[in-house]
Amino acid sequence: MRDGEEIWEKHPVYSVVYGIIRKEKSLTFNELVNKVQEENPDIGVEKIRAALVKLEIWDKIDVVTNGKDTRVLLRE
């Protein structure tokens, strides 16, 4: 890849993340990162966090922290 070229993703990151959350219903943030990176190793943690923010704003998920773990839950 040369400077100035961009790689277009087949699916937006939020779509990949939401697909996994819909299938699992509830998982920790670390589990989510592992599953996303199994599908697409190029998706980094910051992109996953940004996708979670979008999905939470769109009322699709809840992100809950209990002090030591961060859990991602499908909102139904």
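Modeller: Before we start, contact here means heavy atoms within 4.5 Å, while helices (H or I, at least four residues) and strands (E, at least two) are DSSP runs, numbered from the N terminus. This is a predicted model, in which local features need pLDDT of at least 70, side-chain atom pairs count only at pLDDT 80 or more, and totals for chains, interfaces and linings use all residues. Residues are numbered from 1 along each chain as its sequence is written, and side-chain values use heavy atoms, with hydrogens and water left out.

Colleague: Why is Thr28 called buried?

Modeller: Buried means under 20% relative accessible area, exposed over 50%, and partly exposed in between (1.4 Å probe, protein chains only). Thr28, which lies in strand S1, has a relative accessible area of 17%, so Thr28 is buried.

Colleague: Why is Gln37 called partly exposed?

Modeller: Gln37, in helix H2 (residues 29-39), has a relative accessible area of 28% and is therefore partly exposed.

Colleague: What makes the buried residues of H2 line one face of the helix?

Modeller: Those buried residues are Phe29, Leu32, Val33 and Val36. Seen down the axis of H2, they fall within an arc of 100 degrees, and so they line one face; the arc is that of the directions from the helix axis to the C-beta atoms. The face turned away from this buried side carries the exposed residues Asn30 and Glu38.

Colleague: Which elements do the buried residues of H2 pack against?

Modeller: They pack against helix H1 (13-24), strand S1 (26-28), helix H3 (45-57) and strand S3 (70-74).
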